[in-house]
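I am opening my notebook to record what I looked up in this structure, entry by entry. I want to keep each note tied to something I can point at in the picture.

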Amino acid sequence: MKKFFALAIVLCILIVGCTDTKSRSTGVYMLLDTSGTYAVELEKAQKILNYLLGVLAPGDTLAVARIDTGSFSEKDIVAKISFDDRPSVANNQKRLFMQQVDKFVSSVKGSPYTDISGGILQAIEYLNEAGSGKKYVLIFSDLKEELAKGYKRDIPFQLPAFNVIALNVTKLRGDNIDPKEYMARVEDWRSKVEKGGGEWGMINDLERLNNIFTN
Amino acid sequence: MTVANMLNLTASPALSILIWIVLFLAALYFARRPFHRAMMSFSKIIYNALRFTAASVLSAEKRLTQRNREVLMTAGLENAERMVEREFDRIGASVTRDLEGYPNVHRQVSEVITKLDEDYNESADVPPSLPNWMPIIESIAKIKHTGDSMVANMLAEINRSLNDQHKKAIEDYRNSTASRHAILNKMMPFWRKLEKSLTSISKSITNIKKRSKTVDHYMDEYEQIRSKSDRAARALSTSSLTQFAIAGLVLLIAIGGAIINFNLIALPMSEMVGGASYIGPYKTSDVAGLVIILVELTMGLFLMESLRITRLFPIIGAMDDKMRRHMIVITFTLLAILAGVESALAFMRDRIALDMQALRQTLAGAEQIGLSTSMIPTVGQMVMGFILPFALAFVAIPLESFVSSSRTVLGGLVAWLLRIFAFLLRLLGNIGFYAGRFIVNIYDLAIFPAIWLEGIILGTRGKKGAFSDAEILEDSPLVEEAVDSFDKTLQIKEHQE
């Protein structure tokens, strides 16, 4: 009998030892640019969010925040959720999340400034807290940052194990005149992200959203 | 002073080359014998080493083949014993079923025969007897009357009485015959009953005779296996190979069933154990689903063992009947519960899948159309979830065949590989040996002018000094066949040394 118990204990230790403590969940933080003319693009953001809701699995985390004058704030988080482990509960959570986003999109007001860096800093903080295994920051913006007077965002990003993907980076009027501006803008963000240890990506064609998680 | 200058022995380069060639040939000629010996020794080392290894491998192969044969025979004996035992069980059951009631049948037959005998006696044809005074009356009736009316009347009366009596006697006879016929009619069911009883006994006897013939057949096989004849070994080997192939095929089918079963329960298991936790690189829900299937397989295995269909666990087979019956009930109950659980999980899976489909449609912005409301797929999945565990329980049978046959099949395969390996070793040994000879010949070819000169000088072109062909061609005395005993191996080694 003692042998049996000893064997059972050894088996338990083995099973517990085999349990993987490494998080395999995915955390997605999506920043929505609500400034000026870009606010009209938010319907596209809804489609992206619906795609994300369809793809994310139980246990994953999703948060949506707006980019406005000062984005480094919890108040800018429009909706956030960590999906339940049970698929049926997770499905209901997704429905509720979708409703929250719909409500936000229908009532959103444009902001005069665009604090993308603040939003990214907030995303880093949130996803690190969530403890997700794979972290994605999606920036739905034209990447044109305009900070209000007095706002300082010259902080280097700490983005190891982060994937930062810019979505629907529209060309501005000036970009059409001088495409270098557009390229310089994109390059600037890419270098900022990569200097912080993150992976940079950009998807403008919304038909290729499946590249978000495959790249 | 460069090397080129050193090589130029004379002013003429051609002469220098010639001198060098002559010197080189001379050096090679003087080194010929040591080179031959070294090369032959080296090739013999390779040859002997490889052939000795080949002999060892062949010895191992022989032992393995012998062991395989023993295992095959033991398995064959066990199987034959099992078959004979099963036939005896059947005969026992047949005797118990058919001949247990024999005394009863015998009594019934005896009773029927007694009854028939009685009826037969009762139906015996006894001619009716006329009254005793009938001959007297008959005599009187025969008297011729003289015309006296009184006598005539009397005689007429007598005649009438006589006729009446005859009529009555005939009537009685007819009645008696009718009653006998009635008795004979009553005998018919008894005859039929008797015939039925005898037919039943005949069938039982025929059945037992058939069984005894089967037992004889199995006993013949048993005897052949016991005598360890080659014929039996061949038959068993073929049978083992066939069993291996068939059992392997059935196991593959079972694995397919298990995979389908797994897919039925993996998703709903995430509702129970969560879909975000992992054990190693695998989802806990997947592992849980797999564990359920494996537990079902184990229960099926135990059930088959308890029913004595398979014999993978001798401890279960050796249990007393009461304990075994308990095992049967317990394992079957657990299996039924697990089948019920699977059925419920299959139902849950269907619900979750529908919910997911609805969510996807909502997210895509489409109206929720086309969602199946029919219960047929749900019921189908539930039925599959319930049936598959029981179907998987029968995997124990091919598994046993596979395990038992794989021992001999794998043994045969390893023996074959050893044979191939031994052949390759011997081939390499021979190649090594003849390569040595080839190099020696090439060497001689290279210095043929020197050898030719030697022939002219010595006048014996055919001789090669003390280096005879026999010495060159001498083969190793190492035996090629397998070496069985350690002593023999030692002898060979000593001989080599």
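This is a predicted model: local features need pLDDT of at least 70, side-chain atom pairs count only at pLDDT 80 or more; totals for chains, interfaces and linings use all residues.

Entry on a strand pair. I began with strand E5 of chain A, residues 162-167, and found that 5 bridges join it to E6(A), the two strands running parallel. I then picked out one bridge to follow by eye, and noted that A:Ile165 has A:Gly201 as its bridge partner in E6(A).

Entry on the whole sheet. In what order do the strands of the open sheet in chain A lie? I read the order as E3-E2-E1-E4-E5-E6, which makes 6 strands with mixed pairing. At the edges I found strand E3 (77-82) and strand E6 (199-203) of chain A, each of which pairs on one side only. I also looked up how neighbouring strands of this sheet are turned against each other, and the average is 15° when direction is ignored.

Entry on the helices against the sheet. I saw that H4(A) packs on the sheet and touches strand E1 (26-33), strand E2 (61-67), E3, strand E4 (134-140) and E5 of chain A, and that its direction makes about 160° with that of E1(A). I next turned to helix H6 of chain A, residues 179-195, which also packs on the sheet, where it touches E5 and E6 of chain A, with its direction at about 150° to that of E6(A).

Entry on the cores. How many residues does the largest nonpolar core have? I noted 43 residues, and those with the most contacts inside this core are A:Tyr29, A:Met30, A:Leu31, A:Val137, A:Leu138, A:Ile139 and A:Phe140. Helix H4 of chain A, residues 116-130, supplies the largest share of this core, namely 6 residues. Apart from this core lies another, of 29 residues, and among them I marked B:Leu267, B:Met269, B:Ile316 and B:Phe402. I then followed A:Tyr29 by itself: leaving out residues up to four places away in sequence, A:Tyr29 touches A:Ala63, A:Ala65, A:Ala123, A:Tyr126, A:Leu127 and A:Val137.

Entry on chain A as a whole. I recorded 7 helices and 6 strands in the secondary structure of chain A, and along the sequence the pattern reads α-β-α-β-β-α-α-β-β-α-α-β-α. Of its 215 residues, 36% count as buried. When I looked at contacts in chain A between residues at least 6 apart in sequence, I found that 81% of them join residues at least 24 apart.

Entry on a loop in chain A. I stopped at the loop between E4 and E5 of chain A, where A:Leu143 has its place. The phi of A:Leu143 is near 65°, a positive value in a residue other than glycine. Is A:Leu143 buried or partly exposed? I wrote down partly exposed, because 19 other C-beta atoms lie within 10 Å of A:Leu143, whereas a buried residue needs 20 or more. A:Ala161 lies in the loop between E4 and E5 as well, and A:Ala161 has a positive phi of about 65° although it is not a glycine. A:Ala161 counts as partly exposed because it has 13 C-beta neighbours inside 10 Å.

Entry on chain B. I recorded 15 helices and 2 strands in chain B, and noted that buried residues make up 18% of its 497 residues. I looked up B:Ile293, which sits in helix H8 of chain B, residues 284-306, and it counts as buried because it has 23 C-beta neighbours inside 10 Å. Leaving aside neighbours within four places in sequence, B:Ile293 is in contact with B:Ala258, B:Asn261 and B:Phe262.

Entry on where the chains meet. I noted that 16 residues of chain B are in contact with 19 residues of chain A. On the side of chain B that touches chain A, H10(B) gives the most, with 7 residues, and by class that side has 8 nonpolar, 5 polar and 3 charged residues.

Definitions and conventions
Residues are numbered from 1 along each chain as its sequence is written. Chains are lettered from A and ligands numbered from 1 in the order in which they are written. A nonpolar core is a set of buried Ala, Val, Leu, Ile, Met, Phe, Trp, Tyr and Cys residues joined through C-beta atoms within 7 Å. A residue is buried if 20 or more other C-beta atoms lie within 10 Å of its own, exposed if 12 or fewer, and partly exposed in between; C-beta atoms are placed from the backbone. Helices (H or I, at least four residues) and strands (E, at least two) are DSSP runs, numbered from the N terminus. Two residues are in contact if their C-beta atoms, placed from the backbone, lie within 7 Å. Two strands pair if DSSP finds at least two bridges between them. Axes are lines fitted to C-alpha atoms, for helices over the stretch in contact, and angles run from 0 to 180 degrees between N-to-C directions. Ala, Val, Leu, Ile, Met, Phe, Trp, Tyr, Cys and Pro count as nonpolar, Asp, Glu, Lys and Arg as charged, and the others, Gly among them, as polar.
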